[in-house]
Each structure stands twice: as structure tokens, then as C-alpha cells.
Amino acid sequence: MSKDGEKNGWKEYIWNSRTREFLGRTASSWGLILLFYLVFYIFLAGLFALTMYVMLQTLDDHKPTWQDRLSTPGMVIRPKADETYEIVYDAGKTETWDMYAQALEKFMGPYNNSIQAEKNNECTPDQYFMQEDSGDVKNNPKRSCQFNRTILEDCSGIHDRHFGYQEGKPCIIIKLNRVIGMLPGKNGQTPFVTCGAKKYRVGKDQWREDSDKIGEMQYFPPNGTFNLMYYPFYGKKAQVNYSQPLVAVKFLNLTANEDVNIECRINANNIPIGKERDKFAGRVSFKLRINTFPI
């Protein structure tokens with residue numbers, strides 16, 4: 001009897017035919033509560049939309065409102081074989097080094113003189129190319145300076161489409177990461193790149209470096225400089241045709257058939273040396289190995 005009573009009680013709670021209530025509420029009660037939540041959520045959506053609209057009015061499409069500028073910009077190399085930054089090949093086997101040459105040719109494509117002359121300006125060397133806005137008048141799009149691949153001479157890929165890899169004198173191209181507003185060098189001193197042996201651990205308290213294996217190096221442009229005229233960088237949207245300056249290093253007589261650990265770093269009087277934990281802050285390390293016999 002009690003089970004029948006409970007069953008009837010649940011049925012009556014779901015729908016009470018005497019009071020015409022559904023789940024304990026009449027139609028008018030359900031209508032009022034649904035109207036309340038409808039108005040409430042419309043108000044919340046309107047408040048959110050208004051907040052987003054006001055916030056978007058404060059943003060500049062061409063320049064970040066807030067910038068957490070890195071004190072030391074990152075540095076990378078090309079060709080980039082993989083995340084380990086190891087370039088290993090057999091000079092006598094085209095298939096082992098052709099991918100590096102092709103990667104460099106593809107990378108250098110936008111730096112062709114004809115493309116640079118069409119898109120960018122000839123600038124005055126050794127001074128910053130400042131293009132500030134005039135009050136509320138935005139100086140956009142901003143111009144960019146030409147960086148012609150011919151500047152890299154023997155590492156340009158124009159006269160030697162193999163970039164020295166075939167003859168065992170490979171070219172490595174280095175660039176600094178873009179940092180908006182960065183002026184790398186004060187008092188007119190141009191930042192430059194130097195490469196040398198990297199110390200590496202061979203035991204618990206033992207370190208080694210490959211200074212005797214690197215041999216002679218040649219830098220392009222001369223002294224491995226990043227000319228000041230390519231700075232500052234104003235952002236991808238403000239400076240759509242910006243071409244990052246490059247430095248090429250050609251290894252002329254690297255010791256063959258051995259791993260050579262190399263580190264290249266930026267030298268500037270206002271860029272601090274990166275911390276050891278960040279191997280790409282102001283420097284980049286990589287391994288070169290040129291084999292002259294089948295491996």
C-alpha cells in the first residue's frame with residue numbers, strides 16, 4: 001500500500017491534474033522564472049560585449065599595447081636540421097648534404113636583390129632607421145631597409161648554389177629573433193657575431209672544447225655585423241616587408257671525420273650575455289661533422 005502511495009505521490013509531483021502544476025509549479029510560475037533567467041543572461045551577455053568593445057578600443061592593430069621585452073634576443077641558425085642542431089654529412093655523397101643546400105636556397109629566396117629592390121628602401125648605413133608616429137597620426141605602413149643576399153658574398157648561394165657543402169666548406173647563416181623596438185647597440189657601436197669552440201662536459205668535473213678542430217672562419221658581411229639601419233623593428237603588421245639582417249659564417253678548414261661543437265654569440269654593448277640555462281639567448285650552439293669517407 002505504501003509503495004502505491006509513493007508511486008502516486010511522484011506522479012502527482014510531476015503533474016498534478018487538480019492544481020495543474022508541473023514539477024510543483026504552475027504555468028505562470030514557470031513563465032516568470034524563465035523570463036527572469038532570460039533577462040538575467042541577456043544582461044550578462046550585454047555586459048560582456050560592452051567590456052570587450054571598450055577593451056578593443058584601447059588596442060593598436062600595429063603595435064602591442066604591452067610589451068615584455070626580452071633583455072637578450074634569441075639567436076637561430078639555418079639550415080636547421082632538427083631540434084638537436086646537428087649538421088652531419090658526407091662531402092662525397094650528394095644526398096647527404098643536398099637537403100642543407102636546398103633549405104638555404106629556399107630561405108634566401110626572399111632576399112633576392114630584385115625582390116628587395118621592389119619592396120624595400122635603400123637606407124643610410126650605420127644609423128637607426130627611426131620611423132616614429134606623429135602624435136595620433138600613425139606612420140603606417142612603415143618602410144624597411146633592403147638586405148640583399150649578395151651581401152653574404154660566398155655564402156649567398158649565387159655563385160655557389162651548394163653553399164660550400166660539396167667542397168667541405170659549409171656556410172651557416174645566423175639571425176637574431178625579432179624584438180619590437182630593440183636598438184642593439186648604443187653610441188653607434190654595431191653588434192657583431194663571433195663563433196668559437198663550445199665547452200662540453202666529458203666527465204663529472206671535466207670539460208673539453210674543440211678549438212683545434214674549428215680552423216679558419218670567414219664572416220659575411222665582414223666582421224659578422226648586424227648593421228644598425230635594420231633597427232628598430234616595429235612589428236609584422238606595421239612593417240610588413242621587414243627583412244631580418246643576416247650573418248653568414250663559412251668554415252674553411254674544419255677537421256673532417258670528427259664532431260666539432262661550435263657556439264656563436266652576439267656581441268653588443270647593450271645586450272647582456274644570456275644565462276646558461278637558455279642556450280638560445282644571444283647565442284646558439286650546434287654540432288658540425290663533415291665525413292670524407294663512407295660511414
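Cys 155 and Cys 171 form a disulfide (a pair of cysteine sulfur atoms within 2.5 Å), with their sulfurs 2.1 Å apart. The pair links distant parts of the chain, 16 residues apart: Cys 155 sits in the loop between α4 and β5, Cys 171 in strand β5. Helices (H or I, at least four residues) and strands (E, at least two) are DSSP runs, numbered from the N terminus.

This is a predicted model: local features need pLDDT of at least 70, side-chain atom pairs count only at pLDDT 80 or more, and totals for chains, interfaces and linings use all residues. Residues are numbered from 1 along each chain as its sequence is written, and side-chain values use heavy atoms, with hydrogens and water left out.

**Disulfides**
- The structure holds 3 disulfides.
- In sequence order, the bonded cysteines pair 1-2, 3-4, 5-6.
- The link of Cys 155 and Cys 171 is left-handed, with -80° about the S-S bond.
- Cys 123 bonds to Cys 145, sulfur to sulfur 2.1 Å.
- Cys 195 is joined to Cys 264 at 1.9 Å, S to S.
- Cys 195 lies in strand β6 and Cys 264 in strand β11, so this pair ties together parts 69 residues apart in sequence.

**Burial**
- Buried means under 20% relative accessible area, exposed over 50%, partly exposed in between (1.4 Å probe, protein chains only).
- Cys 155 is buried at 0%.
- Cys 264 is buried at 1%.

**Strand β12**
- In β12 (residues 283–291), 8 of the 9 residues are buried, so the strand is largely enclosed by the rest of the structure.
- Strands pair if DSSP finds at least two bridges between them.
- β4 pairs with β12 in the parallel sense over 5 bridges.
- β11 pairs with β12 in the antiparallel sense over 6 bridges.
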